[in-house]
Amino acid sequence: MMHPAEERLSARVLTDLALALRPPVELLLNHAIKRAWRRSANAFGRLGPYQGRHYLIDPVDLPVAFALTLTKDGGTVKLVRRTRRPVGYVAEIAGDFVDLLALFDGSADADATFFAGELTVTGETGAVLALHNALEAADLRLADLLAPAALAPGLDPVLQRIVEWRRAAKRTGGKPHGVH
Amino acid sequence: MGSIELVCPAGSPAMLEAAIEAGADSVYCGLRDETNARNFPGLNFDAEELARAVDFAHRRGAKVLVAINTFARAGGEDRWRASAKTAIGAGADAIIAADLAVLAHVRDLSPTMRLHLSVQAAANTPEAIRFYVETFGVRRVVVPRVMSAPEIAELIKESSAEVEAFVFGGLCVMTEGRCALSSYVSGQSPNLSGVCSPPEAVSFERTAEGMVSRLSGLALDKTPSGATAGYPTLCKGRFAADGEAAYLFEEPTSLNAMGLLARLGEAGVTAVKIEGRQRGKAYVARVTHAFRKAIDALDRGESTAPYEHMLTDLAEGGRETQGAYNKRWR
């Protein structure tokens, strides 16, 4: 078992490593938003008064969090330190990375994830609902978020399967169905 | 379509397409304002989206029912009139309404438009149904979720309209259209504003012990981390009485009456309805798929049992009930 000081150091090293990857990761995610906006600009309008407001998306099992801002003309994503995040978020959505991915592409039901205690939301509840409904309408695929545009169509089924597999593994205590 | 029409929720165009592709015979939806009982941020359809959705549905042999089912506000009736005009203009197959003024307006504006009486009207006697049929030409009645299966069977014997019954999703324990709990605390209710527990009045607070949900600052429940939770509504709040905290009105649980489909069909129920326009495409695709399978199985003379436990993880609080259909408390 790790000493608390070692744990803190390890977390800091992982965060620094993740933040070192910030430029390519942000580039990929910002391109994803731009593509989603080009495909369904109307969906972003569903944010209503929450356009331009900042959301904190916190995958609790990753070393960093994401600051998401969507506007009627597109939006941005930034990687942020969980421990030194700026204030002023309209809402914060926290959960395991695979659950958040499944919520973003609409393959998981947000209410069921919340009922199961796998998702926590704080801040303005209306902002969370508006984001959920805007993402639903945008009809994002996992590959839109995780892969360059050229590779997205081919990669989507593979990514879907990986996320489904990881989520199933979580529910069965780390062991996916059919894996012995 | 099978022997029972499957009516599914659509909170967005993406959800509507998912429902139809999963086997819905009809979908119901609302416009983006207080004229329907799911008036949540970012949800629902604008006029253009509705027209496109009707076209999409009709090309696939499905129907679109538009809910204009809140009660018109004095001085603000134009909004309800505008919604009726938009739904008729979009080519909707029926309008679901509860308010006498809205029903009368649709009847006068488009005498051929099918009118369905919303569950919000809480019509649960043959006399009440007869009044709506004779006065407004209502063709279908959505029966309240507080009626038992035998009561519905009795009602159908004397009903001059088709009957539609909820079979899955959220439950209201109050006589529908007459619940004042949400407006008592937040000033807004499903009947008038289209929202129960309006999101701007709801907050969640993370504490060392778990999550506290609040409505207008009043604590509704405290859920330990990782434990199952319900919707932040007053009827699902946990209250202390006689030194013990308990769900006094209703436990967080969802209706699943798939096991009663055969009985409801035999009783003469024309259509069964899935609740949940506020959920999403993953929810509607799974629930529609399961109920499509169940109805098709019944039509082949087979049991619905293989499909009855496919949806438990979608239920509020992770638990399902047959609700008032199996009423034993009155």
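A residue counts as buried if 20 or more other C-beta atoms lie within 10 Å of its own. The model discussed here is predicted.

Q: What share of chain A counts as buried?
A: Of its 180 residues, 39% do. Each of those is called buried because 20 or more other C-beta atoms lie within 10 Å of its own.

Q: What makes up chain A in terms of helices and strands?
A: Eight helices and five strands. Read from the N terminus, the order is α-α-α-β-β-β-β-α-α-β-α-α-α.

Q: Which percentage of contacts in chain A between residues at least 6 apart in sequence join residues at least 24 apart?
A: That percentage is 66%. A pair is called a contact because its C-beta atoms, placed from the backbone, lie within 7 Å.

Q: Why are β8(B) and β9(B) said to pair, and in which sense?
A: Pairing asks for at least two bridges. β8(B) and β9(B), residues 210-215, have six bridges, so they pair, in the antiparallel sense. Within this pairing, V202(B) stands opposite L215(B).

Q: What is the order of the strands in the open sheet of chain B?
A: Three strands form the sheet, in the order β8-β9-β10, with antiparallel pairing. What makes β8 (202-207) and β10 (218-224) of chain B edge strands is that each pairs on one side only. Neighbouring strands here are turned by 20 degrees against each other on average, direction ignored.

Q: How do you know that chain A touches chain B, and how many residues are in contact?
A: 26 residues of chain A are in contact with 33 residues of chain B. On the chain A side, the elements giving two or more residues are α5 (110-115), β5 (119-123) and α6 (125-138). α6(A) supplies the largest share, eight residues.

Q: By class, what does the side of chain A that touches chain B hold?
A: There are 12 nonpolar, nine polar and five charged residues on that side.

Q: Where do the domains of chain B lie?
A: Domain 1 covers 5-171 + 253-326, and domain 2 covers 181-247. These bounds come from an automatic or database domain assignment. Taken over C-alpha atoms, the centres of the two domains are separated by 26 Å.

Q: How many residues of domain 1 of chain B are in contact with domain 2 of chain B?
A: 14 residues of domain 1 are in contact with 11 residues of domain 2. The domain 1 side divides into four nonpolar, six polar and four charged residues.

Notes: Residues numbered from 1 in each chain as written. Chains lettered and ligands numbered in written order. Predicted model: local features only at pLDDT ≥ 70, side-chain atom pairs only at ≥ 80, totals over all residues. Helix = DSSP H or I, 4+ residues; strand = E, 2+ residues; numbered from the N terminus. Buried ≥ 20, exposed ≤ 12 C-beta atoms within 10 Å, placed from the backbone. Contact = placed C-beta atoms within 7 Å. Axes fitted to C-alpha atoms, helices over the stretch in contact; angles between N-to-C directions. Nonpolar A, V, L, I, M, F, W, Y, C, P; charged D, E, K, R; others polar.
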